[in-house]
Amino acid sequence: MALFSTMSKTELLNAQSELLDKYNRFKAGNIQLDMSRGKPAPAQLNISNDILKLSIDEYINCDGIDVRNYGILDGISECRRLFSELLDIPADNIIIGGNSSLNLIYDAFTRLYIFGSLGSKPWGKLDRVKILCPVPGYDRHFAICEELGFEMINIPMTPEGPDMDMVERLAAEDESVKAIICVPLYSNPDGICYSDKTVERLAKMPTAAEDFKIFWDNAYAVHHVFKEVKLLNIFDVCKKYGTDDRIIYFFSTSKVTFPGSGIALVASGDRYIEDIRRRFGKQTIGYNKVDQMRTCKFFGSPEGIRAHMRKLGDMLKEKFNIVLDTLNREFEDGELLKWHKPMGGYFISVFTMDGCAKETVRLAKEAGLVLTNAGASYPYGKDPNDSNIRLAPSYPDTDDLKKAMELFCICVKLASVNKLLNNIEKGDTQ
Ligand SMILES: Cc1ncc(COP(=O)(O)O)c(C=O)c1O
């Protein structure tokens, strides 16, 4: 097929009319499809159901502690050991928190806002606080920063992670640059994995702010789909450079067992984890140890978690393949749409021609397909190129997903053709 950008006005009008026919047929079908959030499908949740069937008699932990009662602020020892072995972080540097890593991230930001870190001035008392935000990124991270009045700086993503030349320069020259937010493995939404070099550069870079933090949201640490990508252990590297108190590491079982009903953890260097522990002591008497116990009993070992994730990965693979095969078939030449094939995680992120993302999402919504808002993957909801759309293939069943992708492709093409026709009207043929 000829490239749309080389078509004459008449050819484009013909293409538009054909696309509108297809689009209107979908619209008439009154469909209701949702690819907006990365929620596990019911079939994925089902494989964790036995976690709810554990014996009610199993409430004394390996240290003889009754997990039904108060106490053990930082998590029962078998649970800290399980995640210590899984993620290769010393157990002493881990605190098992509540049910949500996002909650721990919010806590971490507000703690810095109120108290600072290890004697530094509280961020809330500073005139300006800037946060480096690799983009596209996770909308809920940006929402926290926006709420606290932090200034967010877009850092473009490369195939190896954030543009480290830019990160190093900004962190070194500006004392108000206080943190970077990273989803280092199968990033949300691009599925990009940070290279060893990127991790090393983050660990060793000089920072003007003495209390600079790396928010290491390793939400997809074990969520391999097509292959297992190995991430360099940031604790090991930071130890080498004496910067381990710079790390605030997060993980949860939200997309391992049940989102919102799993367990989450935070980890940091020797000094900063003590600071967090002390502050948690004022915040709570202890987190939910019953769920910690259930999680440990259900998986038994890190290998138990890895085996479980292989099953979940196989389920997701089928859906990722539906999306990727459709994109390959419909946008083979890369003229109207570009994307990066993720090896794991939960999302596939696509880039339309500049200025077409919002219109694509609008068209899809009008025809019954809900997508993540265009711009959501950028600070302040503003994608400077209006190009990125995050696709979340996990929730719909495979038939719905095929239908959703068919409609999505029509919407991308229609938005692109409309844009090209608009350009011609304006005398701009670029
Ligand atoms: C990068 C990232 N961090 C955190 C979360 C939320 O995790 P939790 O359910 O543990 O709060 C998500 C959920 O999609 C995510 O993609």
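A: Let's start with the layout: the chain splits into domain 1, made of 4-44 + 306-425, and domain 2, which covers 63-300. Bear in mind that this is a predicted model. Taken over C-alpha atoms, the centres of domain 1 and domain 2 are 31 Å apart. Where they touch, 25 residues of domain 1 are in contact with 28 residues of domain 2.

Now for the domain 1 side of that meeting place. Helix 11 (302-330), strand 11 (348-352) and strand 13 (388-391) each bring at least two residues to the side that touches domain 2. Helix 11 gives the largest share, with seven residues.

Stepping back to the protein chain, you'll find 13 helices and 13 strands. Its radius of gyration is 23 Å, close to the 22 Å the globule rule gives for 430 residues, so the chain is as compact as a globular protein of that length. Along the principal axes, the C-alpha atoms fill a box of roughly 75 × 55 × 30 Å. Of the 430 residues, 46% count as buried. And if you take the contacts with a separation of 6 or more, 76% of them are between residues 24 or more positions apart.

Note on methods:
Residues are numbered from 1 along each chain as its sequence is written. This is a predicted model: local features need pLDDT of at least 70, side-chain atom pairs count only at pLDDT 80 or more; totals for chains, interfaces and linings use all residues. Helices (H or I, at least four residues) and strands (E, at least two) are DSSP runs, numbered from the N terminus. The radius of gyration is taken over C-alpha atoms; the globule rule is 2.2 Å times the number of residues to the power 0.38. A residue is buried if 20 or more other C-beta atoms lie within 10 Å of its own, exposed if 12 or fewer, and partly exposed in between; C-beta atoms are placed from the backbone. Two residues are in contact if their C-beta atoms, placed from the backbone, lie within 7 Å. Domain bounds come from an automatic or database domain assignment.
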